[in-house]
Amino acid sequence: MTLNAPVRPAAIRRRPFVVASPYLLGAAAFLAVFLSRRDRLPDPMATHFAGTGRADGFTALGVFPYAALGVLLVPAVLFIWFARAEGGRHANGRALVAVAYGVAGFGGFLLTGLVVANARAGSAEDARLGPWQLAAALLVAAVAAALGLLLAGRSVPAVPEGPDVPGAAPRLALQEGESVTWTRTVGSRALFACGPALLALGLLVALVADWGSALTLLVPGALLSVMAGARVTVDRHGLTATAPWLPWPRLRVPLDRIEEATSRDINAWKDMGGWGYRVHPGRSGIVLRSGDAIVARLTTGSEFVITVDDAATAAALLNALVARDRAHHGG
(Lines give C-alpha, C1' and ligand atoms only; values in the text may rest on other atoms or scores of the structure.)
Protein backbone atom coordinates (compact mmCIF):
# COMPACT_ATOMS: atom_id res chain seq x y z
CA MET A 1 0.00 0.00 0.00
CA THR A 2 1.32 3.42 -0.93
CA LEU A 3 0.49 6.41 1.24
CA ASN A 4 0.14 9.71 -0.53
CA ALA A 5 1.99 12.67 0.97
CA PRO A 6 -0.31 15.13 2.73
CA VAL A 7 -1.27 18.25 0.84
CA ARG A 8 0.60 21.15 2.40
CA PRO A 9 -1.46 24.19 3.35
CA ALA A 10 -0.69 27.45 1.56
CA ALA A 11 0.93 28.83 4.73
CA ILE A 12 3.44 25.95 4.67
CA ARG A 13 4.23 26.43 0.98
CA ARG A 14 4.93 30.10 1.66
CA ARG A 15 7.35 29.43 4.53
CA PRO A 16 10.56 30.03 2.48
CA PHE A 17 9.16 33.43 1.43
CA VAL A 18 8.08 34.15 5.01
CA VAL A 19 11.60 33.34 6.20
CA ALA A 20 13.21 35.52 3.53
CA SER A 21 11.07 38.61 4.17
CA PRO A 22 12.65 39.90 7.44
CA TYR A 23 16.14 39.65 5.94
CA LEU A 24 15.10 41.53 2.81
CA LEU A 25 13.36 44.17 4.92
CA GLY A 26 16.38 44.38 7.25
CA ALA A 27 18.76 44.75 4.30
CA ALA A 28 16.53 47.45 2.76
CA ALA A 29 16.31 49.36 6.07
CA PHE A 30 20.06 49.12 6.57
CA LEU A 31 20.81 50.39 3.06
CA ALA A 32 18.31 53.23 3.42
CA VAL A 33 19.89 54.38 6.69
CA PHE A 34 23.44 53.92 5.35
CA LEU A 35 22.85 55.83 2.10
CA SER A 36 20.97 58.65 3.84
CA ARG A 37 23.88 59.20 6.24
CA ARG A 38 26.81 58.29 4.02
CA ASP A 39 28.10 61.85 3.78
CA ARG A 40 28.31 62.06 7.59
CA LEU A 41 30.04 58.71 8.13
CA PRO A 42 33.75 58.62 9.02
CA ASP A 43 36.23 56.60 7.02
CA PRO A 44 37.11 54.17 8.51
CA MET A 45 33.98 53.46 10.54
CA ALA A 46 33.97 52.25 14.12
CA THR A 47 32.71 48.65 14.02
CA HIS A 48 34.05 47.12 17.23
CA PHE A 49 33.46 48.41 20.74
CA ALA A 50 34.98 47.61 24.12
CA GLY A 51 32.91 46.77 27.17
CA THR A 52 32.80 50.46 28.06
CA GLY A 53 31.17 51.27 24.73
CA ARG A 54 34.27 53.00 23.28
CA ALA A 55 35.35 52.12 19.75
CA ASP A 56 38.44 49.94 19.50
CA GLY A 57 38.05 48.42 16.02
CA PHE A 58 37.48 50.01 12.58
CA THR A 59 36.42 49.03 9.05
CA ALA A 60 36.87 50.94 5.81
CA LEU A 61 33.73 52.80 4.75
CA GLY A 62 33.79 51.19 1.31
CA VAL A 63 33.94 47.69 2.80
CA PHE A 64 31.41 48.04 5.60
CA PRO A 65 28.10 47.88 3.63
CA TYR A 66 29.15 44.70 1.82
CA ALA A 67 30.26 43.05 5.06
CA ALA A 68 27.01 44.09 6.76
CA LEU A 69 24.86 42.73 3.92
CA GLY A 70 26.82 39.48 4.09
CA VAL A 71 26.11 39.20 7.81
CA LEU A 72 22.39 39.56 7.02
CA LEU A 73 22.05 37.53 3.83
CA VAL A 74 24.20 34.48 4.61
CA PRO A 75 21.93 33.40 7.51
CA ALA A 76 18.94 34.19 5.24
CA VAL A 77 20.11 31.65 2.65
CA LEU A 78 20.68 29.07 5.39
CA PHE A 79 17.22 29.50 6.91
CA ILE A 80 15.48 29.51 3.51
CA TRP A 81 17.16 26.21 2.67
CA PHE A 82 16.06 24.68 5.97
CA ALA A 83 12.51 25.95 5.49
CA ARG A 84 12.29 24.36 2.03
CA ALA A 85 13.77 21.06 3.24
CA GLU A 86 11.55 20.90 6.32
CA GLY A 87 8.44 21.43 4.21
CA GLY A 88 6.19 21.93 7.24
CA ARG A 89 6.21 18.25 8.18
CA HIS A 90 7.18 18.73 11.81
CA ALA A 91 6.24 21.15 14.55
CA ASN A 92 9.84 22.33 14.84
CA GLY A 93 9.36 24.10 11.48
CA ARG A 94 7.51 26.87 13.32
CA ALA A 95 10.40 27.19 15.75
CA LEU A 96 12.77 27.44 12.78
CA VAL A 97 10.81 30.41 11.40
CA ALA A 98 10.79 32.07 14.83
CA VAL A 99 14.57 31.67 15.17
CA ALA A 100 15.08 33.03 11.64
CA TYR A 101 13.04 36.13 12.48
CA GLY A 102 14.90 36.61 15.76
CA VAL A 103 18.29 36.49 14.02
CA ALA A 104 17.09 38.94 11.35
CA GLY A 105 15.76 41.36 13.96
CA PHE A 106 18.92 41.24 16.05
CA GLY A 107 21.31 41.61 13.11
CA GLY A 108 19.32 44.28 11.28
CA PHE A 109 18.88 46.44 14.38
CA LEU A 110 22.52 46.19 15.46
CA LEU A 111 23.98 46.91 12.01
CA THR A 112 21.67 49.88 11.50
CA GLY A 113 22.60 51.09 15.00
CA LEU A 114 26.27 51.01 13.99
CA VAL A 115 25.56 53.40 11.12
CA VAL A 116 23.58 55.77 13.35
CA ALA A 117 26.26 55.72 16.07
CA ASN A 118 29.01 56.60 13.59
CA ALA A 119 26.97 59.33 11.91
CA ARG A 120 26.12 61.00 15.23
CA ALA A 121 29.70 60.90 16.49
CA GLY A 122 31.30 62.68 13.58
CA SER A 123 34.55 60.73 14.05
CA ALA A 124 35.09 57.01 14.46
CA GLU A 125 37.00 57.46 17.71
CA ASP A 126 34.04 59.25 19.29
CA ALA A 127 31.44 56.64 18.29
CA ARG A 128 29.76 54.81 21.17
CA LEU A 129 27.74 51.60 21.29
CA GLY A 130 26.75 50.79 24.86
CA PRO A 131 25.10 47.81 26.54
CA TRP A 132 21.66 49.35 26.14
CA GLN A 133 21.92 49.02 22.34
CA LEU A 134 22.64 45.31 22.74
CA ALA A 135 19.69 45.00 25.11
CA ALA A 136 17.48 46.82 22.62
CA ALA A 137 18.67 44.48 19.84
CA LEU A 138 17.72 41.47 21.97
CA LEU A 139 14.28 42.98 22.60
CA VAL A 140 13.78 43.53 18.86
CA ALA A 141 14.89 39.94 18.26
CA ALA A 142 12.32 38.63 20.75
CA VAL A 143 9.51 40.65 19.15
CA ALA A 144 10.59 39.53 15.67
CA ALA A 145 10.69 35.89 16.80
CA ALA A 146 7.14 36.16 18.16
CA LEU A 147 6.00 37.64 14.84
CA GLY A 148 7.70 34.81 12.95
CA LEU A 149 5.89 32.25 15.09
CA LEU A 150 2.55 33.87 14.22
CA LEU A 151 3.33 33.95 10.50
CA ALA A 152 4.75 30.41 10.29
CA GLY A 153 1.40 28.61 9.94
CA ARG A 154 0.51 25.23 11.30
CA SER A 155 2.72 22.19 10.64
CA VAL A 156 1.40 19.14 8.83
CA PRO A 157 1.12 16.11 11.15
CA ALA A 158 3.68 13.45 10.31
CA VAL A 159 2.23 10.48 8.43
CA PRO A 160 3.69 7.10 9.42
CA GLU A 161 5.16 5.07 6.59
CA GLY A 162 3.41 1.90 7.61
CA PRO A 163 0.90 0.46 10.05
CA ASP A 164 1.56 1.04 13.73
CA VAL A 165 1.10 -2.29 15.50
CA PRO A 166 1.82 -2.00 19.23
CA GLY A 167 3.50 -5.06 20.59
CA ALA A 168 4.51 -6.47 17.20
CA ALA A 169 8.13 -7.64 17.15
CA PRO A 170 9.11 -8.58 13.57
CA ARG A 171 12.39 -10.37 12.97
CA LEU A 172 14.61 -10.56 9.90
CA ALA A 173 15.86 -13.96 8.77
CA LEU A 174 19.64 -14.17 9.19
CA GLN A 175 21.90 -16.91 7.91
CA GLU A 176 24.38 -18.47 10.31
CA GLY A 177 27.49 -16.31 10.44
CA GLU A 178 25.91 -13.60 8.30
CA SER A 179 26.99 -10.06 9.22
CA VAL A 180 24.41 -7.33 8.69
CA THR A 181 24.57 -3.64 9.56
CA TRP A 182 21.79 -1.05 9.33
CA THR A 183 22.60 2.65 9.65
CA ARG A 184 20.75 5.91 9.15
CA THR A 185 21.38 9.56 9.97
CA VAL A 186 18.70 11.64 11.68
CA GLY A 187 18.75 15.30 12.59
CA SER A 188 16.67 18.14 13.92
CA ARG A 189 16.40 20.91 11.35
CA ALA A 190 15.39 23.34 14.09
CA LEU A 191 18.53 22.56 16.11
CA PHE A 192 20.69 22.61 12.97
CA ALA A 193 19.29 26.08 12.31
CA CYS A 194 19.71 27.27 15.92
CA GLY A 195 23.37 26.23 16.00
CA PRO A 196 24.53 28.31 13.00
CA ALA A 197 22.17 31.10 14.11
CA LEU A 198 23.88 31.35 17.50
CA LEU A 199 27.27 31.22 15.79
CA ALA A 200 26.21 34.07 13.48
CA LEU A 201 24.95 36.12 16.44
CA GLY A 202 28.14 35.37 18.37
CA LEU A 203 30.32 36.58 15.51
CA LEU A 204 28.19 39.70 15.23
CA VAL A 205 28.56 40.39 18.96
CA ALA A 206 32.31 39.79 18.67
CA LEU A 207 32.39 42.25 15.77
CA VAL A 208 30.73 45.09 17.68
CA ALA A 209 31.53 44.22 21.32
CA ASP A 210 34.04 41.69 22.68
CA TRP A 211 34.88 37.99 22.47
CA GLY A 212 34.00 37.41 26.12
CA SER A 213 30.37 38.31 25.48
CA ALA A 214 30.39 36.46 22.17
CA LEU A 215 31.45 33.19 23.81
CA THR A 216 28.06 32.94 25.55
CA LEU A 217 26.59 32.52 22.05
CA LEU A 218 29.48 30.80 20.23
CA VAL A 219 29.87 27.90 22.70
CA PRO A 220 26.20 26.78 22.71
CA GLY A 221 26.07 27.42 18.95
CA ALA A 222 28.99 25.06 18.37
CA LEU A 223 27.49 22.43 20.70
CA LEU A 224 24.10 22.60 18.95
CA SER A 225 25.74 22.35 15.53
CA VAL A 226 27.53 19.15 16.57
CA MET A 227 24.74 17.56 18.64
CA ALA A 228 21.76 18.37 16.41
CA GLY A 229 22.16 15.12 14.48
CA ALA A 230 22.90 11.47 15.16
CA ARG A 231 24.02 8.41 13.19
CA VAL A 232 21.99 5.43 14.36
CA THR A 233 23.48 1.96 13.78
CA VAL A 234 22.17 -1.55 14.41
CA ASP A 235 24.78 -4.32 14.18
CA ARG A 236 26.32 -7.13 16.20
CA HIS A 237 27.25 -4.64 18.91
CA GLY A 238 23.64 -3.59 19.51
CA LEU A 239 21.92 -0.23 19.04
CA THR A 240 24.39 2.66 18.78
CA ALA A 241 24.00 6.41 18.32
CA THR A 242 26.90 8.78 17.65
CA ALA A 243 27.32 12.31 16.32
CA PRO A 244 27.16 12.23 12.48
CA TRP A 245 30.73 13.43 11.93
CA LEU A 246 32.46 12.43 15.15
CA PRO A 247 33.19 9.11 16.89
CA TRP A 248 32.29 10.69 20.25
CA PRO A 249 30.03 11.07 22.14
CA ARG A 250 28.74 7.53 21.68
CA LEU A 251 25.67 5.94 23.24
CA ARG A 252 25.28 2.16 22.91
CA VAL A 253 22.71 -0.35 24.12
CA PRO A 254 24.29 -3.84 23.78
CA LEU A 255 22.28 -6.83 22.56
CA ASP A 256 22.26 -8.55 25.94
CA ARG A 257 20.34 -5.60 27.45
CA ILE A 258 17.56 -5.72 24.85
CA GLU A 259 14.45 -7.88 25.27
CA GLU A 260 12.82 -6.98 21.95
CA ALA A 261 12.40 -4.03 19.59
CA THR A 262 9.45 -2.48 17.77
CA SER A 263 8.84 0.62 15.67
CA ARG A 264 6.34 3.22 16.81
CA ASP A 265 5.29 6.77 16.04
CA ILE A 266 6.65 9.08 18.76
CA ASN A 267 5.55 12.62 19.47
CA ALA A 268 8.61 14.42 20.80
CA TRP A 269 6.71 16.71 23.13
CA LYS A 270 3.81 14.54 24.26
CA ASP A 271 5.72 11.27 24.63
CA MET A 272 9.20 12.47 25.63
CA GLY A 273 8.73 16.01 26.89
CA GLY A 274 10.90 17.69 24.26
CA TRP A 275 13.91 17.18 22.02
CA GLY A 276 17.44 15.90 22.63
CA TYR A 277 18.51 13.21 25.09
CA ARG A 278 15.43 12.59 27.23
CA VAL A 279 15.01 10.65 30.47
CA HIS A 280 11.57 9.77 31.85
CA PRO A 281 10.45 7.17 34.39
CA GLY A 282 10.50 3.89 32.46
CA ARG A 283 11.68 5.49 29.20
CA SER A 284 14.74 7.27 27.86
CA GLY A 285 16.21 7.97 24.46
CA ILE A 286 17.37 10.36 21.75
CA VAL A 287 14.55 12.36 20.19
CA LEU A 288 15.54 14.81 17.45
CA ARG A 289 12.11 14.98 15.80
CA SER A 290 8.62 13.53 16.02
CA GLY A 291 7.74 10.51 13.89
CA ASP A 292 8.98 6.98 13.28
CA ALA A 293 11.15 5.59 16.07
CA ILE A 294 12.96 2.45 17.22
CA VAL A 295 11.58 1.42 20.61
CA ALA A 296 13.78 -1.14 22.36
CA ARG A 297 12.28 -2.81 25.43
CA LEU A 298 15.18 -3.51 27.78
CA THR A 299 15.68 -6.44 30.12
CA THR A 300 15.06 -4.03 33.00
CA GLY A 301 11.53 -3.42 31.69
CA SER A 302 12.19 0.15 30.61
CA GLU A 303 12.22 1.45 27.01
CA PHE A 304 14.95 3.10 24.97
CA VAL A 305 13.73 5.25 22.07
CA ILE A 306 15.51 6.71 19.03
CA THR A 307 13.53 8.62 16.40
CA VAL A 308 14.81 7.71 12.93
CA ASP A 309 13.44 6.86 9.48
CA ASP A 310 12.97 3.20 8.49
CA ALA A 311 12.71 2.21 12.15
CA ALA A 312 10.72 -0.95 11.30
CA THR A 313 13.70 -2.43 9.41
CA ALA A 314 16.07 -1.50 12.21
CA ALA A 315 13.81 -3.08 14.83
CA ALA A 316 13.43 -6.28 12.80
CA LEU A 317 17.22 -6.59 12.42
CA LEU A 318 17.73 -5.84 16.09
CA ASN A 319 15.32 -8.63 17.06
CA ALA A 320 17.16 -11.08 14.80
CA LEU A 321 20.53 -10.12 16.26
CA VAL A 322 19.20 -10.37 19.82
CA ALA A 323 17.77 -13.85 19.12
CA ARG A 324 21.05 -15.07 17.60
CA ASP A 325 23.06 -13.61 20.49
CA ARG A 326 20.88 -15.44 23.01
CA ALA A 327 21.20 -18.70 21.09
CA HIS A 328 24.99 -18.41 21.06
CA HIS A 329 25.13 -17.67 24.79
CA GLY A 330 22.50 -20.19 25.78
CA GLY A 331 19.98 -17.48 26.85
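Is glutamate 260 buried, exposed or partly exposed, and what is its relative accessibility? Glutamate 260 counts as partly exposed, at 23% relative accessibility. Do keep in mind that this is a predicted model.

**Strand β7 and strand β10**
- Glutamate 260 pairs with arginine 297 through a salt bridge, at 3.5 Å from N to O.
- This pair ties together distant parts of the chain, with glutamate 260 in strand β7 and arginine 297 in strand β10 (residues 291-298), 37 residues apart.
- Arginine 297 has a relative accessible area of 35%, so it is partly exposed.

**Strand β7 and strand β11**
- Glutamate 303 and arginine 264 form a salt bridge through their side chains (3.1 Å, N to O).
- Here the link runs between glutamate 303 in strand β11 (residues 303-307) and arginine 264 in strand β7, 39 residues apart.
- Glutamate 303 counts as buried because its relative accessibility is 18%, under the 20% cut-off.
- Arginine 264, at 21% relative accessibility, counts as partly exposed.
- Arg264, Arg283 and Glu303 belong to one network, joined by salt bridges that share partners.

**Strand β7 and helix α9**
- A salt bridge connects arginine 326 with glutamate 259, whose closest N and O atoms are 3.6 Å apart.
- Arginine 326 sits in helix α9 and glutamate 259 in strand β7 (residues 258-266), 67 residues apart.
- Arginine 326 is partly exposed at 30% relative accessibility, and glutamate 259 is partly exposed at 32%.
- Asparagine 319 is also in helix α9 (residues 311-328) and is buried, with a relative accessible area of 6%.
- A polar atom of the asparagine 319 side chain lies 2.7 Å from the backbone nitrogen of alanine 261.

Technical notes
Residues numbered from 1 in each chain as written. Predicted model: local features only at pLDDT ≥ 70, side-chain atom pairs only at ≥ 80, totals over all residues. Heavy atoms only, no water. Helix = DSSP H or I, 4+ residues; strand = E, 2+ residues; numbered from the N terminus. Buried < 20%, exposed > 50% of the residue type's maximum accessible area, 1.4 Å probe, protein only. Polar contact = N/O pair within 3.5 Å; in protein donor to acceptor, adjacent residues only side chain to side chain. Salt bridge = Lys/Arg side-chain N within 4 Å of Asp/Glu carboxyl O.
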